[in-house]
Amino acid sequence: MFDHGFTAPRVWRASLGFVQRLWERSWGTFEFNYARGVSQYGFSDLNLVRQPGFTLPEEANRPVWVSPDSIVPETGALSSSSSRIHPDFGKALAIRSDLRSDTKQLTLSFAGAAARGAVVRLSYTLTWSRDQSSFACCVASQGFSSPTTGSDPNALEWGRSDLERRHAFLGTVAYPLSSGLEIGVIAGLLSGIPYTPSVDADINGDGSRNDRAFIFDPRTTTDTTVARSMAALLASAPSGVRACLERQLGRIAGRNSCTGPWQPSFDLQLNWRPQWFGSERRLTLSILTVNLLGGIDAWMHGADQLRGWGYASAPDRVLLYVQGFDRATLSYRYGVNGRFGSATTTGNGVIVPFQVGFQGRVAIGPRRPHRPRADRVP
């Protein structure tokens, strides 16, 4: 159902730019952009009980919306029916439009002409993006579970946006091989996607598997199995994964508090401008590649031995596996995922297939008149 105050989303935008000539045939650009989203849409469950059934003392008193008796001790499985105001119904989702987002972006770029007509463009973009929900598709149940939760799922909190890519480097080089033939190189380096340490099951009883994991400190936790597994993970994990976990020891993980590995990209483009339509070379024929790194990876190593070049990886988000529940201590029994944060070519991720494209473009319009130089005007 739609909330009574539902309205269309809006955004306020502001930008500031500055261009400076550095030396002959070269320019530097500074650009700042700001976007403030208001009336962004989200979801709340009207049939979720107002008060939790109990809290988990070993997990910073995380609220659980069912009673301890409804959780199966052997597996930790639960039924969300006891978290319903009206047990005859499941979720009753209201579409609301009171969420907000905030994005700041700073871009520094350089463009210049080198020897023999080569054109070089380099840019760096720094982005900060926060929101209360990054959901944009597709059904209401997914929208409710999209923002991860460590407390009340109906109280959406600010967090790093799913869509943020903090650092982005881009470089292009266009080099003329002849008067009508030009080759271009496009290279990029993008910081990894943000992700949240999570639990593989619904542990708060709201009916969604979107619960953020509690980061157990191996020095203080009473569960010796979890302590050993967490110590082993911290000792063997990559530096980025280890740093993300260590700064959150003893508390529930923050939303999108970890960052995946950097993603490189590399492509080529060949442009040919024949004189078929006059000396202005209005026709441009191009051959371009998409994910050339992925194509080289498949060519050199085969489809079964990919190294992950040109692969948009999604790290393993699951940190804890539920293995049971202790009703006496009101605590879950967990197993620790030793591969948390890992990204492999056979795991989660998006593979953009290697492609070769052919493109033709014709400029249509009147020929631009020649303007005489001012010093030659009689």
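In the predicted model, Tyr 334 touches Glu 59, Val 199, Ile 203, Phe 216, Val 226, Leu 320, Tyr 321, Val 322 and Gln 323, residues up to four places away in sequence not being counted (contact meaning heavy atoms within 4.5 Å). Together with Leu 319, Tyr 334 touches the most other members of the largest nonpolar core, which comprises 32 residues; such a core is a set of buried Ala, Val, Leu, Ile, Met, Phe, Trp, Tyr and Cys residues joined through side-chain atoms within 4.5 Å. Two or more residues are given to this core by each of strand S3 (54-56), S12, H2, H3, S18 and S19. Apart from it lies another core, of 5 residues, among them Phe 43, Leu 93, Ile 95 and Phe 135.

Helix H2 (residues 224-236) has 13 residues and spans 18 Å from its first C-alpha to its last, close to the 18 Å expected at 1.5 Å a residue, the expected span being 1.5 Å times one less than the number of residues. Its buried residues (under 20% relative accessible area, with exposed meaning over 50%, for a 1.4 Å probe and protein chains only) are Val 226, Ala 227, Met 230, Leu 233 and Leu 234. Seen down the axis of H2, these residues fall within an arc of 130 degrees, so they line one face of the helix, the arc being that of the directions from the helix axis to the C-beta atoms. They pack against strand S12 (214-215), helix H3 (239-246), strand S18 (318-326) and strand S19 (331-336), whereas Arg 228, Ala 235 and Ser 236, on the other side of H2, are exposed.

Helices (H or I, at least four residues) and strands (E, at least two) are DSSP runs, numbered from the N terminus. Residues are numbered from 1 along each chain as its sequence is written, and side-chain values use heavy atoms, with hydrogens and water left out. As the model is predicted, local features need pLDDT of at least 70 and side-chain atom pairs count only at pLDDT 80 or more, while totals for chains, interfaces and linings use all residues.
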